[in-house]
Structure formats: C-alpha cells, structure tokens
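Here is a short briefing for a reader meeting this structure for the first time. Please keep the sequence and the 3D view open while reading.

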Amino acid sequence: MRLGIPSLIQHLKDNKSAIRTSVGKTLQTLFGYGQLCLSYWFHFLTHFIPEDTRDVIFRMRPPNSWLEYLQDTDVDALQVFTGICCFLIGEGQPTHTISDDLLGGFQVVGESGVSAQQLFLGSENLVYILDKVENNPLTINNHAAWGTVYDIDTNIATPLEVTTNTFCAGGAILGNGDWVSIGGNQAVDPGGNTSTSQTGNNTYQNSDGAFAVRTITPGPEGNWYDDPAMDLKSKRWYPTLEPMIDGRAFVLGGDQWGGFVNDVNNSNPTYEFWPRYDGETSIGSPILLNTLPANLYPIAHLLPSNTILLNINRAAAILDTNANAEYPLPEVPHAVRTYPASASSVLLPLTPANGWNATVMYCGGSDISKEDWLSTTLALISVPASASCIKISPATQNDFEDEDSLPVGRVMGSAILLPDGTVLVVNGANTGVAGYAGNAAQQAWSVDDGFSDMPVLRPIIYDPSRPSGQKWSDAGLQESTVPRMYHSSATLLPDGSVLVAGSNPHPDYSPNKTYPTEYRVERFYPLYYNKRRPEPSGIPSSISYGGSYFELGLTLDDLFGDVQNLNKLKIVLMKTGYSTHAINFGMRSAELDHTFTLNADSTGRADGSAGITLHVSQAPPNVAILPPGTAWFFVVVDGVPSVGAKVMVGTGQIGNQPTADVEALPESSTLEDQNWMIQRSFGQP
C-alpha cells in the first residue's frame, strides 16, 4: 500500500486542533495510554487505511501492535509519522505524553528483546542493548540474539547481530560519536558453560569476546562491527572504560577467565587506550595489584586536571596517565564500592559556580572484608547493603567526607544525572551483592542463583543544592513494580525521562525464577515531565572548546511568564554514559556560562511574547571537563528542562582537540531594564 504522504501531512496540519481535541482525549479516556501520538495514529487509521485492514489493527492490543502490523505491511507513512507527531504536538515538547498520575513513577512501555545487561542512548530515539550470550527467545540469523536496538518512539526492539560474547563487557562513547564495547567472556553453550569451540561453531554461534572490540555508529542503519584486527592484546572481562580528552577510551583492569571475584592468576592489572596508537602497550597498575579480590569494574572518573580518580575495593588513587604514575589517597571508608559490592557512583555536575571542579559521590555497596568474599561459611545474600554515602573533591581536598546517607541500604543502584542538576537512583537490592552462584555451596544460600534479595523498588533523588541532612528525597515518587536485580541498567533520555531495563541473575535465560530474566522496559518520569518545556531556538549542531559565544532565543512563555526565572536558568551539556553493573561509564554534566538580554524590539513569537537572547559560551577550553563526542544540550528554566538536542562536542574526530580563548560575554540586562522591556513588549506605557 502506498499513501500520499504530502497530502496526509497537510491534512493533519490543517486539522491539527480538531484532531487533538476530539480524538486525543477520547483515546486517552478509552485506553489510558496517555500517548498523544496515538490520537494521530487513530485518525490516520480511520481515514487512510482500508476497512478490512483497519478492523484487523483495531482488534490488536496494546497499540504497539498497531505499529508492528503496519511495519509488516508496506505503509511508508510509518517512517515519517513520528516526525509528524512531533510537529503536531509542538516543536520542543515531549512526543511521549503521560497522565499526571504517572509523574514520579514508572510505566512499562515495551520489551527489550534481550535482557539489558548493558545499554546506552545512541540517538534521539534509539537505545542500544547488549546481553550476555544466552538462550533468548528473540533470534537473528538462526541463533539466539544477544543484542538489540530499542526504538523509544515505537517501543519496538529489533535484533542486531553480534558475533562475540559481550558478557560483562565495558563500553564508552568515542570522540567521533561512535560507541565501543570492549572485552567480555569466552564463547559459551547452554547453561553458560564454556564452549568447546571458541570460534563460533557452537549452539549460539558465538566466539570468544575477551579480546573483542566492537564498534557501532548509531542511526537507522547502525550495526555492530567486530574486526579481529582491532582486538585487544590481552583478555579483559569486567573492564572499566572512560572517555579521554583525545576522544579515545581508557580501558582498565578486568580478569581473563571470569569468576565471581578476581585472583592473582586471573587478574589483568593493567590499563591501555583504544584505539591504540603505534607503539602503545598495556601499562601496569599498582592499585589493581593490591586490591584483590574485589577489583573488577574499578570505578574511574576523568577529572578536570586530566587525571583519573580511581576507587577500587578499599583503596583509592589519582592516576596520571601522562606520567604513568599513581598517587594513593586515604582508604575508602565504610564499605566496598566496586563490584560485587556495586555501589552507585556519580560525578556531580560541573558548573561555573563550582569552577568546573569535580566532586565524585559513592553511595551504598557492602561492608565485606577481603577474606569473606570467598568464605564457605558466610551467606553473602544475608549481608545488609550499606546506606553510607561519601564524596571527594580532589582539587580541593585529599580525603573522603561523609555525605547524607541513603534512606535504605542499596547495592546495584544506578545513579543517573538529570538535566535539572539532581541525581536519580533506581534499581538494586537491600541485601546481598552482585553475581550469581557458580558452585553448590553458593547455590545453597542463593535465591534461584542470585546473590541478592529484597529489591529496592522506590526511587530516590539527591539534590546537591539542598542543606546537609535534606539532600535525599522520595517525596512524590512511586515504586516500580519490576524488581531490578543483578544485570540491570538505566539511562537518561532526551525528553528528560529515564529508561530502566534489565535484571537477570542467572547463567542462562530463566523466565520462571523468583527474579526472572527480565525483558520489560520501563520509563521513569521525573516530577517536571508534564510541565511545559522551554523551546530555545538557535541551538548549534556543534560545540567548540572556547572561542566565540553563540546566541539562543527564548520567549516569555519559555520563562513561564516570569522574567525572574532568568535567574533560575542554566544551559547544560550532558553525556548519558554506557550503563552496566551500576555504573554509567563516561556519564557527566557540564554547565555552560551565559548572560541574557531582553530585546527592546520584542522580537518574539506571533503571540507577542517577549524576545529574550541568551549569550552562551562554548565549552570551557579544558577538554577534560567534557571529553569530545556527542552530548545532549538542555536549557533548564526553574528546574524544567527543554527536550535535549544532540550536539557534537569537539571536532567530531578522534585526536587532539583544538582550544581557543573564551570570548567575553555581554553583561546581562538589569532587573529594571527587564521590567521595562516586558511592559513595552505587551504595549503597556
């Protein structure tokens, strides 16, 4: 079937108001899905689809089935309809709409196809998901899939071919906007057992992933590319990655053959960079040698000093990769934060107010001694999770300090930076640790394989601007109905909601366990979600390091009718990170400096609202504040973010990034000027 797309678009534009009023509210009342695009689909189906086809579609539930059916037919309108919906709903507003009763809570929106052990936001509407090799019902090329791309507009997961085992790999974004997945496990057969063939001649057609480097360019045609010529020189399972100032990935630690925790014969106590430059080799790390056995997935954050803060087991250090030197810090207090203790960790927002100095916070984890990780008498599942939080600001202090504790102890919690400057923590458990049973003794005290219990279903939000003792709050927040245990993940989405997925504490696909292999995908909606969003004009497609400032346009509507909200405005660049094992590798938020002018000629929108110009500095000329690669651009007004726009930070290529002096910003309008301009813009004397 072929439709006249131009005439369809024009028809919907011409009848926009009537369709939204008569159809949208009716659909939301009847079906309760709260997605305004469904109203346009309904109108589209009733006016442009033959009756026999329409009857088939209308008998389907949920509405996602409509989209799947239309994909199977030859309706090319599906490819453009999301864009139509964006136009009709309003440019700059979320296209995914919800009822207010979902604010502060979760909504199951689809299925991920494979369990989301790892995921990242690759483009405006595509989230890429990787699982370990296992017997997922979703197949590709006659074998079980372990990779998908999930479309957040249609909530449909499409399998992607992956040839090597991505079990407990690490990942990051590169300076050219590509993403990389590094390391993993040996090839396996059913039950997670090591395969006799490590080159793909096995049940799942998977090869050894421990050396593997997989890359993908996000987009409609994006596929994983795995070239053995680009492989690592040594095996890495549970490695950490961190984006660096030249757009490459720093790759740290891991082990060679797997296991619950590390040991001296299994460990890979080195770091390297990918892609490699000629002559580069792996470099030994003393802190990795001295932190066995709980030193897998070491926690690493690039600091504005172009050094790396390491938190591994009970030890911490500053790593200077230029000098290949580690500088020890005091012992990590209260709990182990690295896997399998798996605390939440987050680099707090870098802002002009704090001089773009870094503060890193760690919350939760487990207070377990070195000797107890492999104890034959201690049931780790009974160990209560720590509620402690600590933080450190290496540029101004040399030690950890206590921060407000979590309301309840939590392991495996994912800490997600939100555009408003707060931190959301979701997922995890109140007792036990990450991992699942590998022997009979562990199986005896596990919960159907898993080493954790008592899921923490209620989200919690940290606000660094609040006074001590008041920084954590769950006011207005609702519990999820989906336990997210070991192998869960989460990421910020462009509309400011958070996608939550995964949970699979089993060696293979296990749908009937206490905490089953989980495919349900949820979205969490912060309390700002349904508020009218700022709609800035003039967002650039790329951001440089220093140089000339640029300008954005806002209207008084974007300030919610209150010019004083110019004093509550910030412009934020965010990297959402590669999510796995309670870490989002490379996640960070950097605020751009700005001033504002209220225009005397009232250049605004057709409704006469005042025209406001924001003068915005480029990224600071210190690349270590925000490494190169794609990021998400938000304008936040009084805690309400615009819909994020994808921008390229830096040159868009891997390599040294040019910097320039910062052009001075014009002074902001004074308060008296602002009041006079507003009166004039509305024709007042």
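The model is predicted. It holds five cavities of 30 Å³ or more. The second largest pocket has a volume of about 860 Å³.

**The largest cavity**

- The largest cavity has a volume of about 100 Å³.
- Its lining includes Glu242, Ile299, Ala300 and His301.
- Ser345, Val346 and Leu347 are also among the lining residues of the largest cavity.
- Further lining residues of this cavity include Ile583, Asn584, Phe585, Gly586 and Met587.
- Three strands each supply at least two residues of this lining: β18 (299-302), β22 (344-347) and β40 (583-585).
- By class, the lining of the largest cavity has seven nonpolar, four polar and one charged residue.
- Domain 2 (100-525) and domain 3 (542-675) each give at least three residues to the lining of the largest cavity.

**The second largest cavity**

- The second largest cavity holds about 70 Å³ of space.
- Its lining is made up of 13 residues.
- Nearest the centre of this cavity lie Asn427, Val456, Leu457, Ser480 and Arg484.
- Seven nonpolar, two polar and four charged residues make up the lining of the second largest cavity.

**The second largest pocket**

- This pocket has a volume of about 860 Å³.
- It is lined by 38 residues, and Asp420, Gly421, Thr422, Asp463 and Ser465 are the closest to its centre.
- β30 (460-462), β38 (569-575) and β41 (588-592) each supply at least two residues of the pocket lining.
- β41 gives the most to this lining, with three residues.
- The pocket lining divides into 16 nonpolar, 10 polar and 12 charged residues.
- At least three residues of the pocket lining come from each of domain 2 (100-525) and domain 3 (542-675).

- In β43, Gly611, Thr613 and His615 point one way.
- Ile612, Leu614 and Val616 point the other way from β43.
- The residues pointing either way from β43 are all buried.
- β43 pairs with β37 in the antiparallel sense, over six bridges.
- Phe550 stands opposite Val616 in β43.
- Strand β42 (residues 594-598) also runs antiparallel to β43, joined to it by five bridges.
- Phe596 has Leu614 in β43 as its bridge partner.

**Strands β28 and β29**

- Strand β28 (residues 429-436) is mostly covered, with seven of its eight residues buried.
- β28 pairs with strand β29 (residues 450-455) in the antiparallel sense, over four bridges.
- Gly432 has Ser452 in β29 as its bridge partner.

**A sheet of four strands**

- Four strands form an open sheet in the order β8-β9-β12-β13, with antiparallel pairing.
- β8 (170-173) and β13 (225-226) are the edge strands, and each pairs on one side only.
- Strand β9 (residues 179-182) and strand β12 (residues 213-216) run antiparallel and are joined by four bridges.
- Ser181 stands opposite Arg214 in β12.

**Two loop residues**

- Asp562 sits in the loop between β37 (550-555) and β38.
- Asp562 counts as partly exposed because its relative accessibility is 33%, and partly exposed covers the range between under 20% for buried and over 50% for exposed.
- The side chain of Asp562 reaches the backbone nitrogen of Gln564 at 2.9 Å.
- Lys370 sits in the loop between β23 (360-363) and β24 (389-392).
- Lys370 has 54% relative accessibility, so it counts as exposed.
- Lys370 and Leu292 are 78 residues apart along the chain, and their C-alpha atoms are separated by 7.6 Å.

Conventions. Residues numbered from 1 in each chain as written. Predicted model: local features only at pLDDT ≥ 70, side-chain atom pairs only at ≥ 80, totals over all residues. Heavy atoms only, no water. 1 Å grid on protein atoms, 1.4 Å probe; cavity = no way out; pocket = protein on both sides within 12 Å on 5 of 7 lines; lining within 4 Å. Points joined across faces, edges and corners; volume = space filled by probe spheres on them. Nonpolar A, V, L, I, M, F, W, Y, C, P; charged D, E, K, R; others polar. Domains from an automatic or database assignment. Buried < 20%, exposed > 50% of the residue type's maximum accessible area, 1.4 Å probe, protein only. Pairing = 2+ DSSP bridges. Polar contact = N/O pair within 3.5 Å; in protein donor to acceptor, adjacent residues only side chain to side chain.
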